[in-house]
Amino acid sequence: MKKALVTGGSRGIGAAICRALARDGWKVYINYNESGDKARALAEETGGVAVWADVSDEAAVRAMFDAVGDVDLLVSNAGIAHAELVQDLSEADWRRLFAVNTDGAFHAVRAAVPGMIRRKRGNIIIITSVCGVWGSSCETAYSATKGALIAMAKSLFKELGPSGIRVNAIAPGVIDTDMTACFSAEEKAAMAADTPLGRIGTPEDVAELAAFLASDRASFITGQIIGCDGGFAL
Ligand code: NAP
């Protein structure tokens, strides 16, 4: 059975990706940081395994991969958001966003890649954001972390393609998860109205794209930054 590790698989988009992959026959390793109960419940539901690591902690990520072993698929999804005027943004918040969103992806990729290169096959999906593509007012730090992930994906697919490893990124628009729970119903309605398809997204919308990219149906697709946003552009 092919093995997938999803960082930040305990909630939201990551949890939906874990469910879709398990449905498609993957053995899913569900990474969590704080939501151990949710990750364990999801593992029971999907036949997967809950594995702890704070992705910003390089040693913890390495220990997690040592325990899991080689994986066929890495979905780097763990992330945090932060909205603030740039002049009020603290150095600590800027660094924390980069530590989780960008360093976290780097730690996971660096730990997953040696086994993929050895076996001459592998698949990496990086969850970025429309903010990384277009930028977003009051989300300078978050957008910068997500833009860095796009540059990372664009470098990785070139470096790793000759080793049989595909690398793609998904750029979701506004998706209904805990991350967007800070928006009021009115704000969500306004964002839906600004979206050509007339609604905000669900975690399942993103999960179906990830499941496709994970599959052999996408075997000639690499180096793509694919929007999943209903046409919403910031
Ligand atoms: P969410 O509901 O807040 O879930 C975030 C996930 O990331 C949780 O599973 C959380 O795990 C995990 N996580 C956070 N910090 C972590 C850390 N240090 N180490 C390991 N895991 C950590 O957010 P979401 O909306 O599903 O977002 C998932 C990804 O999609 C993020 O990268 C986000 O930037 C991106 N995205 C979201 C949207 C949106 O509108 N929702 C749009 C574009 C992109 P624990 O709870 O176990 O700590």
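Trainee: Before we start, what should I know about the numbers?
Mentor: The model is predicted, so local features need pLDDT of at least 70 and side-chain atom pairs count only at pLDDT 80 or more, while totals for chains, interfaces and linings use all residues. Residues are numbered from 1 along each chain as its sequence is written, and side-chain values use heavy atoms, with hydrogens and water left out.

Trainee: Okay, which residues come nearest to the ligand?
Mentor: Ile13, Ser35, Asn77, Tyr142 and Thr177 do, out of 32 residues around the ligand, where a residue counts if one of its heavy atoms lies within 4 Å.

Trainee: And how is that shell split by class?
Mentor: The shell has 13 nonpolar, 13 polar and six charged residues; Ala, Val, Leu, Ile, Met, Phe, Trp, Tyr, Cys and Pro count as nonpolar, Asp, Glu, Lys and Arg as charged, and the others, Gly among them, as polar.

Trainee: Which ligand atom is 2.9 Å from the side chain of aspartate 54?
Mentor: A nitrogen atom of the ligand lies at that distance from an N or O atom of the aspartate 54 side chain, whereas an oxygen atom of the ligand is 2.7 Å from a backbone N or O atom of asparagine 77.

Trainee: How much of the ligand does the protein bury?
Mentor: The protein buries 96% of the 900 Å² that the ligand exposes when taken alone, with areas from the Shrake-Rupley method and a 1.4 Å probe.

Technical notes. Polar contact = N/O pair within 3.5 Å; in protein donor to acceptor, adjacent residues only side chain to side chain.
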